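Reader: I have the sequence and the model open side by side. Can we walk through them, one question at a time?

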Amino acid sequence: MRIYSEKTLKDILEIPISVENVGKTFNVVKSVAEIMIGKGCRQFYFTGCGSSYYSAMLISFPLLVEDIDVGVYVLPSSEIIMYYSNRLSKDCCLIAVSRSGETAETLDVLKIGREKGVFSVVITINEKSRARNYVDSYLYIDVGIERGVVMTKSFFSMTLAGLMLTRSIVGMISGKIYDITSQLPILKEYVENVINGREKIFSLARSYVEKGVKRFVFLGSGPAYPIALEGSLKLKESTYIATEALHALEFRHGPIATVGENQVIVVLNQDGESYSYVYKLYKELLSMGSYVLRLSSRDVDENTITIARTDFEELNVLSAIVPLQLFAYGYASALGLDIDNPRNLVEVVRQY
Ligand code: F1P
């Protein structure tokens, strides 16, 4: 297949080595968690823009799902600025995700946080950015530059680093040990296998282009919802077609009316609390004649792309973004679009 977009593909191909590099930052990440706990942080705010907001959403999952007494709030940076900045105070910790560390809204939230005495951390792959002036901890994740405009390697790496941070925080509060680094070789091997088998994903994407499919609905529950959002955005910003993301079982409450249209329903069906509910929905959608693309590590059938199987549900769903990134790349290439230069997109939004 002719390669249109060298830069973005190269970024994706670097995700396996990025897993290793992120793992090397564990001690630094753990020390940030220790500072936060030492400060008595129990109100955690997560923020970012675009893909980085979805990354922040997934990063917050361990604090939301584990039985610990904390407040967890996940908001786009713009919404904090416009509606919720009065909630920030010295009792809060703010974790911002930003590939560039230069996004206007995210910088402004960090400035507000600084004025209000918030303990703030930014997770970024940019070693030098203005965010450094407004945070207490600058979590620089050294995975090399991202060549493309759409976030791929950076999304994966910053989210993985953020999950090491929040799992460390949960462990320190609950007294439990979460050994997330022991699972990184499994994650790395999974991503390597997906990348080696990428032609299969490219031809699947091409087959949908040939069927004239221009509507995709991404469904995910629990930690898979941010990945549904990111998978939806990746396809949208790369190919300009109509995509949306929903909490999986919400599909029955209205959107199911679209079944019958020429669309693909992408079902993230990771092992965990939601598995059987989402699997039941998947079977229903098949019986209704939908095109369904399922991502799972269980009950693998002809419609299923396998995802990683680690001890952590949030890592398993994070692994699913790699086939979805490759799918977006393959769909865009089949349309003859250059994902390296997506229409109207900029690498950094510097004003709002
Ligand atoms: C955030 C962001 C990206 C998006 C585009 C514009 O950037 O919205 O999510 O893909 O590149 O910027 P950042 O704050 O992560 O640098």
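Reader: Leaving aside neighbours within four places in sequence, which residues is S55 in contact with?
Author: This is a predicted model, so read each contact as computed. S55 lies in helix α4. Beyond its neighbours within four places in sequence, S55 is in contact with V97, F155, M158 and T159.

Reader: Is S55 buried or exposed?
Author: Buried means under 20% relative accessible area. The relative accessible area of S55 is 0%, so S55 is buried.

Reader: Which strands does helix α4 lie across?
Author: Helix α4 covers residues 51–59. The helix runs at about 150° to β1. The strands that α4 lies across are β1, β2, β3 and β4.

Reader: Which strands does helix α6 touch?
Author: Helix α6 spans residues 77–84 and packs on the sheet. Its direction makes about 105° with that of β2. The strands touched are β1 and β2.

Reader: What is the strand order in the open sheet that holds β1 and β5?
Author: This sheet has five strands with parallel pairing. Neighbouring strands are turned by 15° against each other on average, direction ignored. The order is β2-β1-β3-β4-β5.

Reader: Which strands stand at the edges of that sheet?
Author: An edge strand here has a single partner strand, so one side is left without a neighbour in the sheet. That describes β2 (71–76) and β5.

Reader: Which residue in β5 is the bridge partner of T124?
Author: Strands β4 and β5 run parallel, and four bridges join them. In β5, the partner of T124 is Y140.

Reader: Where is I125, and which residues does I125 touch?
Author: I125 sits in the loop between β4 (119–124) and β5 (137–140). Its relative accessibility is 10%, so I125 counts as buried. Not counting residues up to four places away in sequence, I125 touches S98, R99, Y140, I141, V143, G144, E146, S154 and M158.

Reader: How many Å apart in space are I125 and G171?
Author: The two are 46 residues apart in sequence. In space, C-alpha to C-alpha, the separation of I125 and G171 is 25 Å.

Reader: On to the cysteines. Which cysteines does the disulfide join?
Author: The structure holds one disulfide. The cut-off is a pair of cysteine sulfur atoms within 2.5 Å. At 1.7 Å from S to S, the joined pair is C41 and C93.

Reader: How many residues apart are C41 and C93?
Author: C41 is in the loop between α3 (26–38) and β1 (43–48). C93 is in strand β3, residues 92–97. The pair links distant parts of the chain, 52 residues apart.

Reader: Are C41 and C93 buried or exposed?
Author: C41 has 2% relative accessibility, so C41 counts as buried. C93 has a relative accessible area of 0%, so C93 is also buried.

Reader: Which cysteine sulfur is nearest to that of C92?
Author: C92 is in no disulfide. C92 is buried, with a relative accessible area of 3%. The nearest cysteine sulfur is 7.8 Å away and belongs to C41.

Reader: Now the other sheet. What is the strand order in the open sheet that holds β6 and β7?
Author: This open sheet has five strands, with parallel pairing. Its edge strands are β7 (242–247) and β10 (304–306), each pairing on one side only. The order is β7-β6-β8-β9-β10.

Reader: Which residue in β7 stands opposite F218?
Author: Strand β6 covers residues 215–220. Six bridges join β6 to β7, and the two run parallel. Opposite F218 stands A245.

Reader: Are α11 and α14 roughly parallel or roughly antiparallel?
Author: Helix α14 covers residues 321–334. The axes of α11 and α14 come within 9 Å and cross at roughly 15°. Angles under 35 degrees count as roughly parallel. So α11 and α14 are roughly parallel.

Terms used. Residues are numbered from 1 along each chain as its sequence is written. This is a predicted model: local features need pLDDT of at least 70, side-chain atom pairs count only at pLDDT 80 or more; totals for chains, interfaces and linings use all residues. Side-chain values use heavy atoms; hydrogens and water are left out. Buried means under 20% relative accessible area, exposed over 50%, partly exposed in between (1.4 Å probe, protein chains only). Two strands pair if DSSP finds at least two bridges between them. Contact means heavy atoms within 4.5 Å. Axes are lines fitted to C-alpha atoms, for helices over the stretch in contact, and angles run from 0 to 180 degrees between N-to-C directions. Angles under 35 degrees count as roughly parallel, over 145 as roughly antiparallel, 65 to 115 as roughly perpendicular and the rest as oblique.
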